[in-house]
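Hi,

Here's the structure I promised to pass along.

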Amino acid sequence: MIEAITDAQQDKQPIKKQLRKDLLTKRRQIPHEVWQQKSLALCDRLSNWQIFQQAQNILAFTSFRQEPDLSTLWQRFPEKNWGFARCIEKDLMWHQVAIADFSNQMQLGAFNILEPQPYLPLMDLANIDLILIPAVAGDRQGYRLGYGGGFYDRWLPHSTGLKAGIIFDEFYIDELPREPWDIPLDVIFTDSKALMLGLL
């Protein structure tokens, strides 16, 4: 029985890999102007969300490979405490970034992703209100398809704060292939909808 379960889990890896490849290709094909419009729509939707408005300590991400660009959001709300991740080997290290000095406090890091300078103060991860999480796709059950590195898979089980997956409409699908370590998020946000899981 154990061998059968292990085989079933392994069978999902190539499915996930191919799905990830197809969806990333699709995302790269979004025209730049459309990508900007969709990113702004996402920022507007998030900024009007009561949970976001009440949140003070927020973890976010910088756009990479045509992920939604949330920079408008933190520029609108510089008074909130914003944290961004630095990739250290297989872990995420979260630093607080002063939005007023954003360009000087960030640098290109692992995988060519914009990340905080290492000297910046660490976020207090015991008091996080909201986590904005990048994904290749999300489904109706709140599961996300990541990039295969496992950074969020390893970190999310130990995190506090409401977990919100951030994707464009095209990448919100009925059901993703799932593995035992996959953790459902609390919310999936797109540029036109919000799926609230366990919050209503």
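**Aromatic rings and a pocket**

Trp74 counts as buried, because its relative accessibility is 4%. Bear in mind that this is a predicted model. Phe84 is buried too, with a relative accessible area of 2%.

The whole structure has 10 aromatic pairs. In one of them, the ring centres of Phe52 and Phe77 are 5.0 Å apart and the planes sit at 80 degrees, so it's an edge-to-face pair. That pair links distant parts of the chain, 25 residues apart: Phe52 is in helix α3, and Phe77 is in the loop between α4 and β2. Phe52 counts as buried at 0% relative accessibility, and Phe77 also counts as buried, at 19%.

Trp74 and Phe84 make another edge-to-face pair, with centres 4.9 Å apart and planes at 85 degrees. This one joins helix α4 to strand β2 across 10 residues. Phe52, Trp74, Phe77 and Phe84 belong to one aromatic cluster, along with Trp82 and Phe102.

Then there's the largest pocket, at about 740 Å³. It's lined by 35 residues, and the closest to its centre are Arg144, Tyr147, Gly149, Phe151 and Tyr152. By class, the lining has 19 nonpolar, 10 charged and 6 polar residues. Helix α1 gives the largest share, 4 residues.

A caution on α1, though: confidence in the chain is lowest there, at a mean pLDDT of 74, while strand β1 is highest at 98. Residues 1-9 stay under 50. Overall, the chain averages 89, and 93% of the residues score at least 70.

Cheers

Technical notes. Residues numbered from 1 in each chain as written. Predicted model: local features only at pLDDT ≥ 70, side-chain atom pairs only at ≥ 80, totals over all residues. Heavy atoms only, no water. 1 Å grid on protein atoms, 1.4 Å probe; cavity = no way out; pocket = protein on both sides within 12 Å on 5 of 7 lines; lining within 4 Å. Points joined across faces, edges and corners; volume = space filled by probe spheres on them. Helix = DSSP H or I, 4+ residues; strand = E, 2+ residues; numbered from the N terminus. Nonpolar A, V, L, I, M, F, W, Y, C, P; charged D, E, K, R; others polar. pLDDT = per-residue confidence, 0-100. Contact = heavy atoms within 4.5 Å. Phe/Tyr/Trp six-rings, centres within 6.5 Å; stacked < 30°, edge-to-face > 60°. Buried < 20%, exposed > 50% of the residue type's maximum accessible area, 1.4 Å probe, protein only.
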